[in-house]
Every structure is written in C-alpha cells, then in structure tokens.
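Student: I am new to this one. Can we go through it step by step?

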Amino acid sequence: MAFPHRPDAPELPDFSMLKRLARDQLIYLLEQQHEVDKLYKVENKPALSSNEQLCFLVRPRIKNMRYVASLVNADKLAGRTRKYKVIFSPQKFHACEMVLEEEGVYGDVSCDEWAFSLLPLDVDLLSMELPEFFRDYFLEGDQRWINTVAQALHLLSTLYGPFPNCYGIGRCTKMSYELWRKLEEEEDGETKGRRPEIGHVFLLDRDVDFVTALCSQVVYEGLVDDTFRIKCGSVDFGPEVTSSDRSLKVLLNAEDKVFNEIRNEHFSNVFGFLSQKARNLQAQYDRRRGMDIKQMKNFVSQELKGLKQEHRLLSVHIGACESIMKKKTKQDFQELIKTEHALLEGFSIRESTSYIEEHIDRQVSPLESLRLMCLLSITENGLIPKDYRSLKTQYLQSYGPEHLLTFSNLRRAGLLTEQAPGDTLTAVESKVSKLVTDKAAGKITDAFSSLAKRSNFRAISKKLNLIPRVDGEYDLKVPRDMAYVFSGAYVPLSCRLIEQVLERRSWQGLDEVVRLLNCSELAFTDMTKEDKASSESLRLILVVFLGGCTFSEISALRFLGREKGYRFIFLTTAVTNSARLMEAMSEVKA
Amino acid sequence: MDCYTANWNPLGDSAFYRKYELYSMDWDLKEELRDCLVAAAPYGGPIALLRNPWRKEKAASVRPVLEIYSASGLPLASLLWKSGPVVSLGWSAEEELLCVQEDGVVLVYGLHGDFRRHFSMGNEVLQNRVLDARIFHTEFGSGVAILTGAHRFTLSANVGDLKLRRMPEVPGLQSAPSCWTTLCQDRAAHILLAVGPDLYLLDHAACSAVTPPGLAPGVSSFLQMAVSFTYRHLALFTDTGYIWMGTASLKEKLCEFNCNIRAPPKQMVWCSRPRSKERAVVVAWERRLMVVGDAPESIQFVLDEDSYLVPELDGVRIFSCSTHEFLHEVPVASEEIFKIASMAPGALLLEAQKEYEKESQKADEYLREIQELGQLTQAVQQCIEAAGHEHRPDMQKSLLRAASFGKCFLDRFPPDSFVRMCQDLRVLNAIRDYHIGIPLTYSQYKQLTIQVLLDRLVLRRLYPLAIQICEYLRLPEVQGVSRILAHWACYKVQQKDVSDEDVARAINQKLGDAPGVSYSDIAARAYGCGRTELAIKLLEYEPRSGEQVPLLLKMKRSKLALSKAIESGDTDLVFTVLLHLKNELNRGDFFMTLRNQPMALSLYRQFCKHQELETLKDLYNQDDNHQELGSFHIRASYAAEERIEGRVAALQTAADAFYKAKNEFAAKATEDQMRLLRLQRRLEDELGGHFVDLSLHDTVTTLVLGGHSKRAEQLARDFRIPDKRLWWLKLTALADLEDWEELEKFSKSKKSPIGYLPFVEICMKQHNKYEAKKYASRVGPEQKVKALLLVGDVAQAADVAIEHRNEAELTLVLSHCTGTADAATADKIQRARAQAQKK
C-alpha cells in the first residue's frame, strides 16, 4: 500500500541546497591542496601513500589527532618531509590542537574546517552523522556538540526562514536551543523579514524516551536497520539476501519506489505486498505476449527499463524479507516480542525477568540481553535489588567481567538502575519471605514494589494512553494509530509527546507528564508574536532528536502526518536503534 | 544679486576666482605666524603652531608651546614642548600631529595634544640630523620624507606601517637642494629636487636628471616647487620670476607665466578644482598673493598680515592672524547662474522664483522661456548643484527654493538629488559652524565621505553632533549611532576623576543594549587605562558571555572567565580557559575549581582519558570518587597491564576502591574475576589451550568441550554457577560435540531445571530427530505440543492438543498441517473443535 499524502499536505523544502553547500565547500578546501589523488580511510595503521602531502578529513577527536601525530612522527623518524593538512568536520576543537602541540607536530600540520553538519539522507531526513553524540553527551556529560547542533539549526533557519513556533524538552535541547537563539540574535537581520517555510520545530532529548529506542523494531525499515544495519542511508545486503556470492550495496530512500512503499509498513504486511507487486509485474511482462511488432518496440523502448529496474529492486527486497523471516520467525523472536510487550504493559514481570535470565544464561546475544535488562529497568523504574544483583552476576558470568564497567555506564546514564527499597515495606517483605517459599516470595516482592512506587513510565503510559486498548485483533494492515509500529502494543512515547504538544500548541495540560519525565524545568514553548507563517508552512514540522532517533519513530510520525495533513522533517544527530545505543554504553576490551 | 559677483576675479576669459571669508579668527596668538612652525590639516582640519625657538636664538631659555586650534581658531590643546628641537610639523590622514625632531624621531600627538607614540626614522637620520622634513599624503596613508644633513633622503610612505626607504644619492650634491617635494606616481613615492639649474628625480632605484619640457631659458635656480593635491600637476618657480606649470610626470607643459618678481615666494600651492580644465597656482609673498594660470594677466591680492596657505582638493585656504579665507575657482553651475546677464536656465529659474515671490507675472514669463527651450530639468539641476557650492546659508536657501519652485512644473523629476542636497547642506552648515570649525566644501565632503566625517567628529569628541547627524541621515545603527556611542564610552572610561560606578552606570544608561555595541571592547579600553574594576563592571553588561572571556583572562580573572565561558556554551572556549587555569593555578586549586564546574570537569576528564591518564586518576582521588577510581583500575587491568600478576594487582586496587565506594557487588565481582584470572592461568599451564580472558561461562564450556568434565563441575561449584545455567551450558556443549550418549546420561542425572524442551530443540538443531524424539516424550505437558511439532509428529501433537482442549494449541497444530498427509489430522482437529463448541 503506497501512502498517499493528503492533497493539502505541504511540500517538503528542498534539501539539495544543503548538499550543494557542503560539496562546494569541500571542493574548495581540497582544491587548495594540489591534487587529491587517493582517499584512505583513517585507521590505526601507517599510511601507504608515497605522496608528498597527506590530507586528513576527520572528526575532531583526540584519538584521530594521536593517529595523525603518530604518522607525522613516523615520517620524521624516517627522515621524510611531507605536507600535512587536517580538515576537521564539522569544526575544529581547541583540544585537538592541544594534542598536536603536545605531540610536537603542531608546526608541521595545517588545519582547516569543513562546516558540514547536515547530511540529507532522504527527502525528509537530515542526519548530522554524529553517532558519538549519544555517548559523549548522555554518558560523559560532554557538551561539545551542542554548539554544532545550534549551528545546524542556525543554518536551517537561514536557508528556510525563521521558525515561528518552537517546542522542546530535555536538558540538552534547552542548551542547544538557547545557544541557537543567541546565534540568531548576534546575526540579527539575516532571517528577519523572511517568510517562514517551516512552521514548527520540536526538539527532544533521547533520554526523555529511552523506551521506544530500546524496543525491537517491526516496521520494515527499522527491521532492516536492526538486522542489516543501515549506514548513511545505504545497506550492505550479504549473500544470504542477494542469493549470489556477492554482497550488494543498496541505497534506501524515497527514490527506491519499491522500498518507498513498504518502508513504513508493519513487517507482517510486507510479504503480501511484495508478492502482489510481483504478480503485477509479471502481468505487465505478460502483456507483451499479445503484442505486434510496433507495440513490442514501444514496450521495449519505454516500459521495459522501468520494469526491469522494478524487478531488480523487488528481488532485492524479497531476498531481504526472506532473510529477515529466517532470522525472526523462529520461536524465540515471538517470545522476545511477547516479553517486550509484557514489559511495556507491565504485567507478568516475574516471567519476563526469568526470560531475561534465561536469555543471558544461554548467551543468546550480549547486546540483546543488555537491552532487555534496560527495558525492564526503565519500565519498572529500576530493578529490585535482588534482581539487579543476580542479573548482573549472570551477565558477567556469560559475557565477561569487563562489563562491570558497562553496568557502571548504564547506571550513570539512567538506563539500568536499582530501585531504592522502601524501608517499611522491606521489613514486611523479609518477614513474609521467611514464611513462604522462594517463588512465592518473589511474587510478593513484585506486588509490594509496585505498590511502593508506581513506575514513572507506567504513570506516563497511562496519562498519555500509550498502550492502546484493543478489542480483538489489531489490524496492522489498516493502522489506527502510531502503535502499529510496535504491532499495536505501544505508541512511541516520543511521538505521542510531539502529537500532544502540536495539538495544544504548547505544553499546557501536560504538566504532570513533564514532571514524571523529570523535565519540569526543561520543557519550553517559544512562539513569535508576528504571525507571518502561511497555513501551509504551519503544517510543516521539523523534529529534532538529540541523541538519535529510530526508523520506527520516523515511520510513526510519517503516519501521524498522513492522518493530520502534516509533513514532518527529521533532524537527528544520527539514526539509531537499540543495538547502537547498547554498543555506545558497552565497554569492550580494546 | 547686484554685488554678488563683486568678489569674482576673472583669470583669462573662461574662469573666475573668488575669495570669501570662512571665519574671522579670534585666536589669541602670542607669536607672529612667521615665527612659528605651522601645520594645517587638509579637509578643514586643525591647525598646529609651534613657536620655533631653535631657528633664531641658539640658547632657548623658554620652552616653546605647542598649540592646536580648530580651523575656526578655537583652542583645542596647548602643551609645553619638552622634547628636542622640532624641524617640521604635519598632520596625518587620521588627523594625528606628526612632529619631526632634529634627531629623526617623530612624535605623534592626538588632536587634543595627547601623546600617542613615537618612532624613529633610522640611524642614518640620527647621525646626520634632519635638515628638512615633509609630511605627505598618498593613497596608502600619510608618509614622512626627510632630508638629512648629508643631503640624502629617507622616506616612509606610510607611518602606520613604518618601512623606511633610503633614497639613492644625487651624484655630486654638495649643498642642500634649493627646493624639493615628494611626488606620488605609479603607487610609489618619489622625490623631485632642484639643485641650481638642474632637476633630479629620485625613485627607489636610481637618481635621474629631468628637464621640464618648454622651460624658458636662463634659469639658474629653482626657488619653489608645488605639486597639486592629487599629485597630477607640478609648478616650478625660478629665480627669474618665471613660473612653469605642467604635469607631474614632467612630460607635458600646461602653461607658463612670468611675474617678474625675483624674490623667492613664501609659499606656492595649486588651486584647481577636480574635473575643471582651469589650472592655476597661488603664489604668496610677504604681502602679496597672486593667482596665475593660463592667462596673460594674473589676479593679485594684497595681504595685510602674515598669511599661511593650505592647499585643498578644490581650492586654497588662507589664514592669518585675524581671518580665515577660502580661495577657489567659481564652479560652473554658480558661474552660469550668477554671471552678469546670464541667460542660463538656472539663472532664469532663480529670477523666476524671485519674481514669483514678489507676486509678479514676470515669473511666468521667465518660466515660459525656460520651458520653451525645454531646459527646466537642467535649470533645476543647476540650481541644486550651485546651492551645494554656496557657503552662505541664505544663498543656499534661495537656490534651493528656486529648484523646488522649478520642480513643481516638472512631471517626473526624481526627488532624491534635491533631498540629498538639502540633507548634505544641513550637515555641512552644522559642521562649518564656528564652534565646530570644519569648513568643508561640498566637493571635499563628498570626497571625504560621511563615515570619515563622523570619525573626525568623534575624534574631536563632538559625540552629540555626530549622533544627531547619524539620526538625521538615518544611518544604520550599527554603523552610526552605536559606533559613536561606543567611541564615547571608550572616551568616558578615560575620565579618571569619575568613580567606577558612575562611569559604568553612565555608559550603560546611554548605550543600553544598542545593537552592535561591544561592551567588551569598551571594557578592554578601560583595562588599558588601568581600571580593572571598571572593566569588570562593564563586562557585566556584555550580553554575549563568550566575548567577556578573553579580556577576563587577560585581567587574570580566570575563574570568572571560566564561569562566563561555561555560560556561553562554547566548549572550545571553556577548554581554552581550562588550559589557562591549569598553568596559572597549582594542581590542588585547579582541581578545586574544576570540582565546582561539572561541565568543565567532564570536558577536562574527556581530555585526560585520552591524553593524561594519571591526571584522571588524581582527579578521582581528589574527589574521593571511589566508584570511578575502581572503574579506572578495572580498565587498566585489561588495557594497560600485560602480565597476570599486574592485572590481578590492578583488580585488587579496584576491589579496594569499590569497597570504599560501598559498592559491594562490584567489589565481589572484581574479586571473583581475580580468582578466575588466576585459575585460568593455572588451567593454561596444566591443560594448555587458551583460557585467559574468557568469561566464566566460556571457561566452563571450553572445559566441557575439552572433555574435562570433572574440572568443569569443580569450577561450577567454586563459582556457584546456578543449576539452570550449568544445564544450558552442558546441553549446548554436548550437543556441539554430538556426544549423544553423554547427553542422555546427563539428562538422566537428575530432573532438568530447564525442562526437556530445550533438549528437543537442540537435537533438532543438530538434525538428530532420533535423539530428539527420546526427549520429546519427557517434555512436560505444557510444552508437549510444541515438542511434538518440533520433531514433526503432527498427529500425536493433535492428540495431545485435543486432550488439553487448548484452543491456542489446536490452532498451532493446525497451522502445521500441510499437504495431504496431514489432512486426516486436520479433520480430527476440526471435529474436536466443533465438539468443544457444542459443549
């Protein structure tokens, strides 16, 4: 099923300008060098090039600087003189220059900046391609990228006019927003008088809603990302998909007609859709049977190419589907989804905990196990101390002791925490547990703990109605709400927040939710008085995810847009998923 | 109108020259002008006077006084000269007074007599002393040219960017040249000098003799030479009283004149207006002023007093003890309108307007006359232009009135030229006022631009007028009012007698948050004047915290700088301040500062993590952050250490830290890891193979796979591996080995804590249906159907499901019924369902 937008849906702004800007700037930077003849990936190994000058295009990270310094020093030892140029993207940091100085190569290296911060991955998706943002900010508390975010917003507002309505929630959001406002004030006049193209901006920190990002994705695009990992809008399909011995790199965006029709679909529909499509294609091919020469000529020259293209794409996606099916339709995936839904809805916690324990014991996958533990922790407002200890012990036994550091990270980020035991209750509890068997005691503990402290997530879920009440089967073919992206079990919290705020045009009436999200000081609405925005622009909404967003969230909001006649544009620090989040938090042996 | 042209003097047939008074000077000169060194800046600039005691009496007992006046004679500054003998004075393009001393040192003073800086013209000049010096203006700025006692020239084309250039020697030069001047050609400064009957041109490379074309014979010496304001023309005055006028390139003669006065003139300057064909030179003797040009007769004036000539772009200013006059060629527009019996359209229009005011019908006649010739537009334009060249406001007004009158009869006359002229004249009249004293002509004003004019007003501290002009001309705030306010504030902070609070408040009151005002610049100025406290107060008004940081660092307020940097949200700035602090403070204080600034702390930690691991440890230690310290050592145990002993030691330190952090769990886990590490080492020694760094689970698995079941059991007991895990582990390992016999033994060793379904699953995974079936029978009732389906026994699964009367199970089995083989089973289920529903 293709997704026709409502006829009154606004046009998306043209992002090709961003691409052109970035490209021209890079060309300019590289042309200042003499000819750049070969590109190497920056890896920790000596550069093989025998060229007279080396040019590094790097992120401003200390690690990269040490690599450059080691190369320069190695050349010096070998008595070689070369020119070195480091181009930092998106900006240069003082700390990097410091490192070059400390390593004694500052004088040998010239530095430049490539202010490329927005990569248009698709017609409605801009990525800053800063996956490190998540760890840097949410774990290490490093605010270096906030400036980059503010600059990116500034660039957007200079290109597409001022933003008349801004909403945001989260600490990082608030800082970025304030910094951006400052930038705007300093360069007053540039955007003044321009008609706004984008009517609303919504900024959101990833830590406002970890739950959604931790769930298994079941819409096609998310599932492809979870299974094969989409990098910069393209994916490498291995031999198991292409059913040949070569792997195939496929660009996944709106240009791919087949993909565009299934990307936002629940996976259970995709296969049916693809086979229908295949039949149609066959029918089109079959038409040539009854053709005379002239018609045939027409067919070959006009339609055949398109059909062949479609054919190729179709076979790729069918291959991908089969591969996903093979991996996912096994019993354990069903169980996994069942457990996730139980966690989201907050019933049979004990069973879920045992499931997670078994998951760990069987060494199914370190990241998956970790993800489930985090999901349990967040939905339950932290693990009860007994589970907290035992799950961690099991995890360390299964996956190695270095994960002690991973747990420390997760705790700091608030992803995996321990419930503070209510004193009076524990006293009762211990008395009770003496009287009954272990298993029963566990159940009682559950009961008590849920009495003691209703989880914030649970309360939020109730307030925002995140778990839809379904009478009978949820029809995934004709979705009713955004919950379809999680098989009808859960409406993504982040998307629901956006929906509610857009409806109210402010945070009014959401005070309780904001309080539960621990963001009382950190939610803001900012509207400019002069209302020059056209009604069309007011239905164009820029959603900014700081710390990454998932394809499920994108699909959900695209769905919302179709329902309400909005168009959403997404700006994210990087496209993420549960595995990437967990990786960012994991400590691995170097 | 009658006597309007009374002061017009014809020179030849085509040009008139007029002289009118700008100001009557009531300066209180104690000295005669002739006794002073005089310098007057072009563009109606200030006049500096320094009584020259070094010329007359050898021993000067009294120190001379340097006085600076505005062009209208208002005193601006007066100071006792305490430095060495001065040879020459001159004004730079920025209206700074350059005083060239005999020893080649140039002292630079501001308009208000404030000393700015000094520089030297080099050793050679110092040794040979300065004989003569000129300050000249080029497109690059203001230059100084010096003639030394050794008759050599040294010059610098731009005193702002001092590059001394020693000019080549003139061969055989024994005495000082009779006269010399600087020329500016092809973007380079040259020197033209006259020695006896010869002229020499010095450029950077060489000295070449030159001869002006068409020079009258009999010249034995040049007494005076003059270059025009734009360096285009040159005039030479010879000892025969003959004046040669030509181009500065000496390639072309324009005209010549013989005045028959052999006395050397005091001054000779060009008097011509841009874009005019007329060339004239004004020559001044003690009591005589002569305008000569391409005409047989000259214009002569008598000078009653000592006078001084100041060449301007479009004329000559002449000031004396009592008056200040301007002499210039009458502009074309004025000439056309005011020439006696002129029938030019402008003249007629002016007439028409006058008649109109008298309510005479002649107005109509005049107007008709112009209109018939179709020259009304031209007439209006002429009137507007002529108004610009008039000095007297009443004349300006009558001309503008005429223009405005003429405009009424034109359909489409663009109003901007008229409006702009009105505005310009208002500005000009304001600054020509006696109190301001900048007698700019319209052409000079246009050449100078409004921006420079505003700068000059600021330089004279005429802030209110400057602001009024900005507001009147509606200049953008950033370039106009804000800029002037900022200058004012910079001046204000220098008032040392006013308290810091008052200055800060006054500045804030005036400036508010005017756009484009940088409080940090003003604060920097205050700091430059040694008023640190005031600077800090002013910085508080700076809305951009980032801007405050560099100055705060300079003032050594690093901690304040740190919090401001953090406020700005610019991590790079924070880092810069951190490095400053690190060098400035001792380690303890530095850490304490960090402790209060979490954002800076995390930034610094990030840096340390990669660059200074030891510092990172110290940071944690100082904070008693045992948790992080523990993590730090854990990381070290597998990143930094190679040997097992070292690693165990690191883990021990980590465990201790965790105990201190009251994190018993982490401590215990770490101790377990120490135990495991030692054990793994022993296993490697005893059994060979690879054990170190495996997880506990993997260690046991490896043992089972290696057939060391006993050891595996032992390890499981030692580390209290839960039963469930052990069963999963063994099950997987044995299936991997395909040791079905052992697996069966194991399954029977006791009741499985994980049930028997996993056994079925794992056998099927290894495609061993036979073994799988064995276990399927042992699977508990809850999972029986699943197990049976797994081994492919659909029929039996159906039976069990029917027996359970479980709807979900029935559906599941049904979904497995494929093909004809299972048709019977499917039937059976359907029947059972129907039955169940009946009940």
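Student: Which domains does the domain assignment of chain A give?
Tutor: This is a predicted model, where local features need pLDDT of at least 70, side-chain atom pairs count only at pLDDT 80 or more, and totals for chains, interfaces and linings use all residues. Residues are numbered from 1 along each chain as its sequence is written, chains are lettered from A and ligands numbered from 1 in the order in which they are written, and side-chain values use heavy atoms, without hydrogens and water. Domain bounds come from an automatic or database domain assignment. For chain A they are domain 1 (37–116), domain 2 (120–209 + 488–585), domain 3 (223–325) and domain 4 (332–380 + 382–413).

Student: How far apart are the C-alpha centres of domain 1 and domain 4 of chain A?
Tutor: Domain 1 of chain A covers 37–116, and domain 4 covers 332–380 + 382–413. Their C-alpha centres are separated by 42 Å.

Student: Is A:Ser323 buried or exposed?
Tutor: A:Ser323 sits in helix 12 (residues 293–328) of chain A. Leaving out residues up to four places away in sequence, it touches A:Phe228, A:Glu240 and A:Val241; contact means heavy atoms within 4.5 Å. Buried means under 20% relative accessible area, exposed over 50%, partly exposed in between (1.4 Å probe, protein chains only). A:Ser323 has 5%, so it is buried.

Student: What area is buried between chain A and chain B?
Tutor: Here 46 residues of chain A are in contact with 46 residues of chain B. Buried area is the accessible area (1.4 Å probe) that two parts lose on being put together, summed over both. Carbon and sulfur atoms give 53% of it. The total is about 3900 Å².

Student: How many salt bridges are there between chain A and chain B?
Tutor: A salt bridge is a side-chain nitrogen of Lys or Arg within 4 Å of a carboxyl oxygen of Asp or Glu. A:Asp361 forms one with B:Arg725, with the closest N and O atoms 3.2 Å apart. The count between the two chains is 5.

Student: Which helix of chain A gives the largest share of the side that touches chain B?
Tutor: Helices are DSSP runs (H or I, at least four residues), numbered from the N terminus. Elements giving two or more residues to this side include helix 2 (62–77), helix 14 (349–361) and helix 16 (385–399) of chain A. The largest share is 8 residues, and it comes from helix 16.
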